Amino acid sequence: MKFDRRELAGAVADLGVFVPIAVALIVSNGLSATAVLLPAGLLYLAAALVYRLPVPVQPLKAFGAIAIAKGLGSDEIAAGALLLGAMFLLAGRLGILDLLAKAFPRSLVRGVQLTVGLLFLKIAWGLVTDPPKSFAEHALASSWALPLGILVLVLALTLRRYAISILLVGSGIVVALVLAGGQLELGPSPLTVPSLSGGVLLTALTVLVLPQAPLSFANSCLATADAARVYFGEDGSRVRPGRLATTFGTANLLAGAISGMPVCHGAGGMTAHYKFGARTAAAPLIMGASILVLAVCFGAGLAQVLPAFPLPVLAGLLATAGLLHIALLRDLRGARDWALALLVGGIGFEVNLLWALAAGLAAWWIPYGFDRLQARTASA
């Protein structure tokens, strides 16, 4: 491990997804700030120890977006975390996901990564043109936020080798403290045990878990493992789909038990960490320790301070990660691979990843089956 400025720059580069969803769940859905941050911090530390690489930790994007849009309470969110955690922990430990992963060709995985990159760009655009309600008090008008977000994007793309993300995130922290630092309080916010019932579990399963599960399988497991191999070669072989499911599944059992924020890994986060300089377990250790300090020492006042973080910084970093993540498609060869990746990416972005995976598998394996059948017929 190397604790230097490049590791620190890579560590903070993935805040564009983390902060908006975390803030919305705290402010809009009433979750405890400490409960939101604690599972993420512990999963970052676990990722550092298990994988010894900058494996990211992110909120569940579809899960979080639905919970925020529908105004679901902490009980439904906790039930969803428990169900999803148990599902992926079991699938990971039984080796089911490693077996399933063999059915997915590289071009299909690239399509999933294209979907994630496009979603990052969409979220970044929304942050500066239609700020989330939870940031409304301190959000800039879009006439200011959009050009500032583009400036952050240009700086992040052109100067990322010089650890520019440290300066950008540091500036954002200073702005947040100037605007709302007087509301900081020492100590954690209260933790609560969820109240579960049949109705709560059913709502969580149908509204939250089922839409999220395909995304978690495709992005958190398949695409993250693939990105690790692309960026780290043989060292990336430690990052397998089943192990990823096991680590974030376990973290979600904790998140559900304390009514916290469900978390996962993510291929886009892997790109953000790597492209801004992270190469070792130092980056997730830095993030994990920092998040735990915030959760335990300042959780009581974070609901007032976090919404003051400037959205153009988050949007610019997120858009940078999205563009760099889409660049993974560069290693595709041949019209068939490109067509499949674009098909999966387009359907995943416009509809959802469940339909994208189904279409991609059919487009790949049905012609393969016909070819095998014709070969057998000819040999007979």
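I looked up what lines the second largest pocket, and H9 (164-180) gives the most to that lining, with six residues. I'm working on a predicted model, where local features need pLDDT of at least 70, side-chain atom pairs count only at pLDDT 80 or more, and totals for chains, interfaces and linings use all residues. Residues are numbered from 1 along each chain as its sequence is written, and side-chain values use heavy atoms, with hydrogens and water left out.

My terms: a pocket is an open set of points on a 1 Å grid over the protein atoms alone, where a 1.4 Å probe fits, with protein on both sides within 12 Å along at least five of seven lines; lining residues have an atom within 4 Å of a point. Helices are DSSP runs (H or I, at least four residues), numbered from the N terminus.

H2, H9, H13 (282-297) and H14 (302-305) each supply at least two lining residues.

Next I checked the largest pocket, with about 1,100 Å³ of space. I found 34 residues lining this pocket, with Lys61, Ala62, Ala65, Ile66 and Ile123 closest to its centre. Elements giving two or more residues include H2 (15-27), H7 (106-129) and H10 (198-232). Which helix has the largest share of this lining? I found H4, with seven residues.

How values were computed:
Grid points are joined across faces, edges and corners, and a volume is the space filled by probe spheres set on the points.
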